[in-house]
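Work through the exercises below with the sequence and the structure at hand. Each task is followed by its solution.

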Amino acid sequence: MARSARSYQREADELRASGWTYRQIASHWRKRYRFNPRVAFRLAHGLTQADVAQRWNEQWRDADAPKTAKQISYWEIWPRPAGRAPSLDTLNKLAFLYRCAAGDLLGGEDHSHLDTAALRANEPEPHAGGPTGERMTGAPLPAGTVLSRVTDRIVEDFEILTDTYRHLDYREGSGRVSADVGAHLHRMLEVSNRTTNTGTHRRLLRAAGDAAQLAAWFAIDAQRYQ
């Protein structure tokens with residue numbers, strides 16, 4: 001019997017609680033379950049294809065050509081004959097929804113072992129015990145994205161990105177993310193008048209307050225009192 005997206009979400013939640021990034025989960029599941037990368041990242045978030053289409057349409061509204069679960073399926077099936085190749089713009093937008101790099105969604109053969117410098121690098125594979133110190137996977141908005149409406153789901157993305165910066169600070173220090181957090185806070189304040197309802201507006205302000213507190217701690221840590 002095929003597992004549901006929600007059952008994979010429960011497994012992903014356990015890994016996330018142990019500190020795994022979405023990239024690590026997807027990489028692990030590609031080997032364990034033989035998923036292609038687009039399926040692996042979607043299921044790492046516990047999403048159905050319809051969920052992805054809905055999030056896409058909320059983020060990039062197009063009344064004339066809204067995305068459907070069928071289109072998400074076409075991109076996931078590719079490069080098999082029934083599939084359709086996703087464009088670079090499509091990959092960039094999927095990467096934003098999945099909080100990864102666009103290149104992570106392509107798969108293909110990996111010949112990086114032929115790079116002689118890789119023989120000297122320490123690049124451990126993800127394992128069941130916890131994170132391996134990969135770079136941040138929370139993703140700011142793609143260049144050119146204009147938020148005309150701020151929904152609860154977008155606020156959730158802001159909240160998760162703040163948490164990502166916080167965890168990266170724990171691992172690598174505030175100097176690694178201080179400037180990014182400032183830009184992240186500015187982005188939230190910039191769109192604070194575009195929320196869809198009062199509840200979302202209050203949630204966005206709380207999220208901005210959390211990011212502001214984090215930015216303040218970074219400033220104290222770096223002895224930059226502003």
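The model is predicted: local features need pLDDT of at least 70, side-chain atom pairs count only at pLDDT 80 or more, and totals for chains, interfaces and linings use all residues. Residues are numbered from 1 along each chain as its sequence is written, and side-chain values use heavy atoms, without hydrogens and water.

**Exercise 1.** Determine which residues of helix 6 are buried.

Step 1. Helices are DSSP runs (H or I, at least four residues), numbered from the N terminus; helix 6 spans residues 88-98.
Step 2. Apply the cut-off: buried means under 20% relative accessible area, with a 1.4 Å probe and protein chains only.
Step 3. Eight of the eleven residues in helix 6 pass: Thr90, Leu91, Lys93, Leu94, Ala95, Phe96, Leu97 and Tyr98.
Step 4. Just after the helix, Arg99 has a positive phi of about 60°.

**Exercise 2.** Describe the largest nonpolar core.

Step 1. Such a core is a set of buried Ala, Val, Leu, Ile, Met, Phe, Trp, Tyr and Cys residues joined through side-chain atoms within 4.5 Å.
Step 2. The largest has 31 residues, and Trp29, Tyr98 and Leu105 have the most contacts inside it.
Step 3. Helix 6 gives the most to this core, with six residues.
Step 4. A second, separate core of twelve residues includes Leu147, Val150, Ile154 and Met188.

**Exercise 3.** Is Gln71 buried, partly exposed or exposed?

Step 1. Gln71 lies in helix 5 (residues 69-77).
Step 2. Partly exposed falls between the buried limit and the exposed one, over 50%.
Step 3. Gln71 counts as partly exposed because its relative accessibility is 26%.

Conventions. Helices (H or I, at least four residues) and strands (E, at least two) are DSSP runs, numbered from the N terminus.
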